[in-house]
Amino acid sequence: GPDCAAMDARRVAIAAWMEENRIEKHFERAVPRCETEHFHLVIDLHEPLKEGRKKVDPHALMHMVADDTTHVGDRIEQHYDVVEDDLFAKMRMWIWEESADHSSAVEAFMKTSARGDFKLLGKDPVFSVWREPGLFANVSQIRTVFTHNAGHMLISNLFRERDVGPIGGGWFDAGAGHWYEYDRFDSSVNYCIEEATELSSYANGVWRAAMRKMLEKDAAPRIPALLDVPTTAMSVEDQAVCWSFYDWLVANHREKLRPILRDLKQKKPTRDVMKEHLGLGVLQADETWRAWVVETYPKKEPTRRRRR
């Protein structure tokens with residue numbers, strides 16, 4: 001009957017999907033994975049992970065990560081008025097139980113080597129990590145690092161397959177990565193920074209009150225000095241500043257995010273981009289952002305809500 005035909009069609013579709021999966025062919029075993037509108041996820045973990053006093057099994061974690069990354073995709077679609085042809089690929093995001101599997105996947109599919117986490121932005125973005133003790137070993141660490149990097153990856157693939165972080169748009173790229181993590185979890189604790197000595201946290205990842213206090217204490221402009229700094233060369237404080245500036249853009253110039261990113265991908269100087277789309281010089285933008293922070297950010301952080 002019709003139900004049997006539908007089931008047969010579904011089996012054929014599933015078989016075709018499995019056949020297309022090069023990861024499973026490479027490892028010659030089943031690899032737990034999930035596909036959403038904008039992401040191909042692999043959560044290849046074998047043991048439950050800690051979340052406070054309880055433990056979460058890898059299958060449940062996959063659903064959490066799928067929800068987190070979907071949230072980022074939905075927000076970016078809203079912010080940039082995304083239409084069908086604006087993105088060129090699905091974002092591939094993987095976490096492996098063993099470092100050997102992580103290294104093998106990066107070598108096989110990226111044709112390079114990596115001992116720690118690996119990220120490729122722009123064309124066919126990919127992010128891969130393993131369950132490294134102290135870094136990506138519990139539920140919170142995995143959810144936040146996936147959420148943070150989902151923002152970077154989508155931004156890098158949007159409109160044109162180009163990462164603006166190293167080409168004069170680091171202030172925008174850094175701000176976006178932190179903003180979507182913060183939007184999901186009310187904090188941001190991940191930093192795309194090359195220097196290991198910088199891997200600390202600004203204000204324990206909770207930034208509004210700390211940012212207001214910093215700007216009220218120090219009147220020196222902050223944005224001009226960051227315009228040509230690549231994302232990975234910024235300090236943790238610099239990245240928090242970029243998050244706040246992006247926060248101001250989202251709140252006050254949401255409709256300008258699309259043309260701003262398009263122009264940054266064309267390597268247009270930020271000074272020209274701000275003047276054209278915000279009607280402000282860089283110093284004026286810095287002053288306007290500062291005034292907005294003092295007016296809208298609290299002097300003290302409110303009681304934290306529970307993470308989703």
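Modeller: Buried residues make up 51% of the 308 residues in the protein, and the position I would single out among the residues of this predicted model is aspartate 286, which is itself buried because its relative accessible area is 1%, against a cut-off of under 20%. Aspartate 286 belongs to helix α11, which runs over residues 282-296, in a protein that has 11 helices and seven strands. The side chain of aspartate 286 is joined to that of arginine 290 by a polar contact of 2.8 Å. Leaving aside residues up to four places away in sequence, aspartate 286 touches Pro221, Arg222, Ile223 and Pro224.

As for the wider setting, residues 24 or more positions apart account for 72% of the contacts in the protein that have a separation of 6 or more. The radius of gyration is 21 Å, which agrees with the value near 19 Å that a compact globule of 308 residues would have, while the C-alpha trace spans about 70 × 45 × 40 Å along its principal axes. The accessible surface of the protein comes to about 15200 Å², and carbon and sulfur atoms hold 50% of that area. Where charge is concerned, the protein carries 44 positive and 50 negative side chains, and the centres of these two sets lie 4 Å apart.

How values were computed:
Residues are numbered from 1 along each chain as its sequence is written. This is a predicted model: local features need pLDDT of at least 70, side-chain atom pairs count only at pLDDT 80 or more; totals for chains, interfaces and linings use all residues. Side-chain values use heavy atoms; hydrogens and water are left out. Helices (H or I, at least four residues) and strands (E, at least two) are DSSP runs, numbered from the N terminus. The radius of gyration is taken over C-alpha atoms; the globule rule is 2.2 Å times the number of residues to the power 0.38. Buried means under 20% relative accessible area, exposed over 50%, partly exposed in between (1.4 Å probe, protein chains only). Contact means heavy atoms within 4.5 Å. Accessible areas come from the Shrake-Rupley method with a 1.4 Å probe; for residues, only the protein chains shown count as cover. Lys and Arg count as positive and Asp and Glu as negative; His and the chain ends are not counted. The place of a charge is taken as NZ of Lys, CZ of Arg, CG of Asp or CD of Glu. A polar contact is a pair of N or O atoms within 3.5 Å; within protein, one must be able to donate a hydrogen and the other to accept it, and residues adjacent in sequence count only if both atoms are side-chain atoms.
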